[in-house]
Every structure is written in structure tokens, then in C-alpha cells.
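Me: Hi! Could you walk me through this one while I have it open on my screen?

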Amino acid sequence: MTSSKKKNKTLFVCQSCGYKSPKWLGKCPDCGKWDSFDEETHVSRPRTGPLKGRSTVQTKPVPIDAVTLEDEARIDTGIQEFDRVLGGGLVPGSLVLIGGDP
């Protein structure tokens with residue numbers, strides 16, 4: 001569902017350094033000045049053009065047994081369990097995000 005209405009967005013802008021915040025702050029976290037925020041209203045324009053918030057690439061679902069697997073050269077990290085979880089090591093050009101309790 002698309003809307004052609006323009007939406008007003010209120011931002012608070014530091015008059016000293018230009019830092020923008022969605023809510024009023026007493027002290028600017030960027031420059032450290034007190035009581036330097038003024039409320040400004042910004043009008044956002046609706047998206048135009050071919051994207052309009054959607055991807056232009058059309059894809060169709062594929063059954064899991066129809067997916068082709070390719071062997072990728074992997075880099076051994078030397079940590080046996082880590083390599084096992086990664087399916088045999090790091091794939092060149094990939095990114096691995098590791099998270100957990102501190």
C-alpha cells in the first residue's frame with residue numbers, strides 16, 4: 001500500500017554543531033553544549049520511480065531439494081569446533097558475525 005501524502009517529521013537540531021535527534025535533549029552528545037536544541041519540522045517526500053520501497057528483482061521459491069550446492073574453498077581457522085560450525089572453515093569474501101554473552 002503506497003501513500004502519496006507527505007509526512008511531517010519533527011527533529012531536534014543542535015544549533016551549535018547540527019547534531020539531529022528525534023527527541024529533545026538537554027545536552028548535545030556531540031559537542032557538549034547545553035540547551036542548544038531547537039525543534040525543526042521536516043517534510044518527507046513520498047518515493048517515486050521504479051523502486052517505491054520494493055525490490056525490482058523478481059524471484060520465485062525453489063524446493064529445497066532443487067537447490068544446487070557448490071563446493072567453496074574454505075580457510076581453516078585452526079579452531080576445530082568453530083570450523084565445524086562454519087561448515088569447514090571461512091569462505092573467502094564472506095562475513096561471519098559472532099555474538100554471545102559478554
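Predicted model: local features only at pLDDT ≥ 70, side-chain atom pairs only at ≥ 80, totals over all residues.

Me: Okay. How much of the chain counts as buried?
Reply: Of its 102 residues, 12% count as buried. The chain exposes about 9400 Å², and carbon and sulfur atoms supply 53% of that area.

Me: And contacts between residues at least 6 apart: what share join residues at least 24 apart?
Reply: That share is 31% in this chain.

Me: Why does V62 count as exposed?
Reply: Its relative accessibility is 53%, and the cut-off for exposed is over 50%, so V62 passes it.

Me: Switching to charges. How many salt bridges does a search of the whole structure find?
Reply: The search turns up one. R84 pairs with E81, and their closest N and O atoms are 2.6 Å apart.

Me: How are R84 and E81 placed in helix 1?
Reply: They are three residues apart there, so about one helical turn separates them. In general, side chains of opposite charge can pair when their charged atoms come close.

Me: Are those two buried or exposed?
Reply: R84 is exposed, at 56% relative accessibility. E81 is partly exposed, with a relative accessible area of 48%.

Me: What about D83, where does that lie?
Reply: D83 is in helix 1 too. This residue is buried but has no salt bridge.

Me: Which side chain of opposite charge is nearest to D83, and how far away?
Reply: That would be R74, at 8.5 Å. A salt bridge needs the nitrogen and oxygen atoms within 4 Å, so R74 does not qualify as a partner.

Me: So what does the D83 side chain make a polar contact with?
Reply: With the side chain of T77, at 2.6 Å. Setting aside residues up to four places away in sequence, D83 touches I75, D76, T77, G78, G88 and G89.

Me: Let's move on past the helix. Where is V91?
Reply: V91 is in the segment after helix 1. At 22% relative accessibility, V91 counts as partly exposed; the buried label needs a value under 20%.

Me: What is V91 in contact with, leaving aside neighbours within four places?
Reply: Its contacts there are E72, A73 and R74. The C-alpha atoms of V91 and D76 are separated by 9.3 Å, and these two residues are 15 apart along the chain.

Me: What does the side chain of S21 reach?
Reply: The backbone oxygen of K23, at 2.7 Å. Not counting residues up to four places away in sequence, S21 touches L11, F12 and F37.

Me: Last one. What is the phi of D35?
Reply: About 50 degrees, a positive value, although D35 is not a glycine. D35 is in the loop between strand 2 (20-21) and strand 3, and with a relative accessible area of 60% this residue is exposed.

Technical notes:
Residues numbered from 1 in each chain as written. Heavy atoms only, no water. Buried < 20%, exposed > 50% of the residue type's maximum accessible area, 1.4 Å probe, protein only. Contact = heavy atoms within 4.5 Å. Areas by Shrake-Rupley, 256 points an atom, 1.4 Å probe, with all protein chains shown as cover. Helix = DSSP H or I, 4+ residues; strand = E, 2+ residues; numbered from the N terminus. Lys, Arg positive; Asp, Glu negative; His and termini not counted. Polar contact = N/O pair within 3.5 Å; in protein donor to acceptor, adjacent residues only side chain to side chain.
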